[in-house]
Amino acid sequence: MVHDTAFAARLASDAGRLLRRIQRDAPPDELGTRELKDRGDRESQRFLARELAEHRPDDAILSEEAEDGTARLRAERVWIVDPLDGTREFSEGRDDWAVHVALWERGALASGAVALPGLDAVLTSDGDPRLWQRPERLRLAVSRTRATPLVQRLAAELDAELVPMGSAGFKAAAVVRGEADAYVHTGGQYEWDSAAPVAVARAAGLFASRVDGRPLEYNNANPYLPDLVVCNPLIADELLGRVASILEEDAR
Ligand SMILES: Nc1ncnc2c1ncn2[C@@H]1O[C@H](COP(=O)(O)O)[C@@H](OP(=O)(O)O)[C@H]1O
Ligand SMILES: [Mg+2]
């Protein structure tokens, strides 16, 4: 049987290729529409569900685009997938979107792949961690459509540059690729938005946690996982300290 990470990479890559074709073939008047978003979500989901059923029939699945059940709560292996992360950007004909395929096994993320079809790249949790350097001026990857006040304040306090882009996977990948030093998100998200990105980021030697420093936990009954930090390990303490003081001030 193909190794789980190689399998995750193949699925993310093939789903990405399928989505690129859909994006390229979309007539101009469909750009930005619900129809194009739905077609991308649906076709990628259909492909991933079929492949997982064929090649990993005993495993459970948690997907943004499928009905959720309770079977995964008793399962030892759960594939956590986001068939199209950055649906808005995909529909606008942009490159900042991703396909996420992660495997959660007995309490922890075991494998992950993030396809970046717009860059013709797939990042995986295989490989050795990198040696990270301390950056000079911090660059924070943030949502291009919904950066929260907390993140804006954090950037101001750290004199950091905000680098806006779509998709959680694309932003975490920007940190892995050295285009940003941190991805800080608050305000809402689900397990499928971060599972594969976090698996890939950790394998590269990056730090990842909730914004208050608690561990990121996956395969919960409620998959809502509203915030996270993925960053250069050398700035994690400083970043979490700043976030903590902002949260404390807000609570007063
Ligand atoms: N406040 C919120 N509540 C729920 N999901 C959110 C959210 N903010 C961001 N997300 C999800 O996180 C992903 C990245 O968002 P953004 O590009 O704004 O950073 C998107 O996934 P999808 O495109 O899969 O829906 C988006 O839906
Ligand atoms: Mg998503």
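Visitor: Is Asp-82 buried or exposed?

Guide: Let's count: Asp-82 has 33 C-beta neighbours inside 10 Å. A residue is buried if 20 or more other C-beta atoms lie within 10 Å of its own, exposed if 12 or fewer, and partly exposed in between, with C-beta atoms placed from the backbone. So Asp-82 counts as buried.

Guide: A quick word on the source: this is a predicted model, where local features need pLDDT of at least 70, side-chain atom pairs count only at pLDDT 80 or more, and totals for chains, interfaces and linings use all residues. Residues are numbered from 1 along each chain as its sequence is written, while chains are lettered from A and ligands numbered from 1 in the order in which they are written.

Visitor: Which residues is Asp-82 in contact with, leaving aside neighbours within four places in sequence?

Guide: Asp-82 sits in strand E2 (strands, E, are DSSP runs of at least two residues, numbered from the N terminus). Contact means that two C-beta atoms, placed from the backbone, lie within 7 Å. With those close neighbours in sequence left out, the partners are Glu-64, His-100, Trp-192 and Asp-193.

Visitor: Which residues does the UniProt annotation "binding site" cover?

Guide: The entry is unreviewed, and UniProt annotations, with shortened feature names and positions in the numbering used here, may be inferred rather than shown by experiment. The annotated residues span 130 residues in sequence, yet no two of their C-alpha atoms are more than 9.5 Å apart, so they gather at one spot.

Definitions and conventions. Helix = DSSP H or I, 4+ residues; strand = E, 2+ residues; numbered from the N terminus.
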